[in-house]
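Here are my notes on the structure, as numbered points.

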Amino acid sequence: LDARKHKKHTNTAISTLNRPTQSDGKMSSSMDVDDTKAPTAEKKKENEEEEEEEKGVNMMELAQTIHRLNVTGIDDAAKTELRNTILSELKNPFLFKTTFPDEVEVESSETASAIAKLEVENEAKKKELEESIATAREEAGDMEVLESSLKLAKFSFQSLSKDEALEAYRKVVELPKLSSGKKIDVLMERARVASFYGDTKLMAELVDTSTKMAGDWDRRNRLKVYEALGKILMRDVKAAAALLVDCIATFSCTEFCTFKDFVVYAMVSNLLHLPRTQLKEKIIDGPEILAIVNEIPVVSKLVNSLYDCDYKAYLHAMVEVESVLVADRFLQPHCGYIMRELHVLGYKQFLDSYKSVTLDSMAASFGVGVEFLDLQVSRFIAAGRLTAKIDKFGGIVETTRPDLKNSQYKDMIHKGDNLLNRIQKLARVVDL
């Protein structure tokens, strides 16, 4: 009982000491609350400013617009909007010079004077950000140094040259005590800089470095999109198709491409490599693709017409889809290759249904002339892409289906001979 009374008196004393006191008509506790509110409001304002900065120009969409300007051309309104975006929003004289070189040649023009003014302002802004990094390194901690370094890197990407942007991001990666997740984020941003300026090799190296690091599920999922688009640029369409189809249901990489463009990449690449049953399940009937299929009618028509064996509509869709391929900066370099593979795919699927078919009947099915069809099919047969032969006198195409077991046997014999030759060469070296 004495111990309980002692504990009760002790708790009462402690609560009395912790009770706020009245001083100058104000409670000390209310002063503490007011002191904490002020920095919180300032921090909130800073966060809002950072969010506004992040809501700026999407550099990857801008890259697509610049590509269309250089390859297919854009109307005057879009050209004026692009010009204002680069000069007024990004304030990037380097990008303007590479995008509109003709307007910079005249030194006395207003554009030239505006560019000179922007270069001076950007240099001053760069020095200011560099000073903030130095101040944070001396007076603050690692987080403040990271934030200041990222601000400089993002500013360099938007307003300075390619080399300056890449160098700024390189310095961020080399910061000490940087977590693996943050490092992957910075490497992905650096990969976007390389992709924006068309440096495919550097982009592939950065993505490869990122994939080897331990990241969370979201980062690994986004890296699949980076890797897939890198594979497309290197014309490894089969590997890209496998990566893209895995990300359809969980796509979150909006900083690199829009979901609409992503679906186009997935549909075109998987059309060339997926079997019919999987194409139906994963592409044609995929709920995520069906949600936006009305926004990409040309590509949808291409896939559905091939699946439905409507070869005339398929060739017409190929003509229409060519403009889609040319207008995209990832697909345009391989437009000829993709169109050729689409032709082979259509002819192969048609011929697999027949042992022999007349050229007239096949030409009518595809909606083309007999001479054109004869020229194309004979070229693909000579290249070994179609297992068939043409009887020119009879006007018949005969399919020659290879026996799977025989072909596997010949392949095994061929590989066995190569292995024995290598063993013999190795034995000679060992004897010596």
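This is a predicted model: local features need pLDDT of at least 70, side-chain atom pairs count only at pLDDT 80 or more; totals for chains, interfaces and linings use all residues.

1. In helix α8, V145, L146, S148, S149, L150, L152, A153, F155, S156, F157 and S159 are buried. Buried means under 20% relative accessible area, exposed over 50%, and partly exposed in between, with a 1.4 Å probe and protein chains only. These buried residues of α8 pack against α3 (59-71), α4 (76-90), α5 (93-99), α7 (110-139), α9 (162-173) and α10 (180-196). Contact here means heavy atoms within 4.5 Å.

2. The length of α8 also checks out. The helix has 18 residues (142-159) and should span 26 Å at 1.5 Å a residue, and its end C-alpha atoms are 26 Å apart, which agrees. The expected span is 1.5 Å times one less than the number of residues.

3. Residues are numbered from 1 along each chain as its sequence is written, and side-chain values use heavy atoms, with hydrogens and water left out.

4. On confidence, the mean pLDDT of the protein is 83, and 85% of its residues reach 70 or more. pLDDT is the predictor's confidence in each residue, from 0 to 100. Over residues 1-54 pLDDT stays under 50, and the model has nine contacts beyond four places in sequence for that stretch.

5. For the overall picture, the protein has 22 helices and five strands. Helices (H or I, at least four residues) and strands (E, at least two) are DSSP runs numbered from the N terminus. Of the 432 residues in the protein, 37% are buried. Among contacts between residues at least 6 apart in sequence, 59% join residues at least 24 apart. The accessible surface comes to about 25,800 Å², and carbon and sulfur atoms account for 53% of that. Accessible areas come from the Shrake-Rupley method with a 1.4 Å probe, and for residues only the protein chains shown count as cover.

6. Which residues touch the most other members of the largest nonpolar core? They are L62, F196, F262, I283 and L342, in a core of 109 residues. Apart from that core lies another, of five residues, among them L129, I133, L152 and L160. A nonpolar core is a set of buried Ala, Val, Leu, Ile, Met, Phe, Trp, Tyr and Cys residues joined through side-chain atoms within 4.5 Å.

7. Neighbours within four places in sequence aside, F262 is in contact with V225, L244, C247, I248, F251 and C257. L244 is also one of the buried residues of helix α13 (residues 237-246), along with V237, A240, A241, L243 and V245. The buried residues of α13 pack against α12 (217-233), α14 (259-273), α15 (276-284) and α19 (335-351).

8. Strand β5 (residues 396-399) runs antiparallel to β4 (residues 388-391), joined to it by four bridges. Two strands pair if DSSP finds at least two bridges between them. D391 stands opposite I396, and the bridge partner of A388 is T399. Four residues lie between the strands of this hairpin, in which G395 takes a positive phi near 65 degrees.

9. Strand β3 (residues 356-358) also pairs with β5 in the antiparallel sense, over three bridges, and V357 stands opposite V397. In a regular strand the side chains alternate between the two faces of the sheet. I396 is partly exposed, at 27% relative accessible area. The C-alpha atoms of I396 and T358 are separated by 4.2 Å, although the two residues are 38 apart along the chain.

10. Most residues other than glycine have a negative phi. K177, in the loop between α9 and α10, has a positive phi near 60 degrees. C309, in the loop between α17 (297-307) and α18 (311-326), also has a positive phi near 60 degrees. K177 is exposed, with a relative accessible area of 76%, whereas C309 is partly exposed at 37%.
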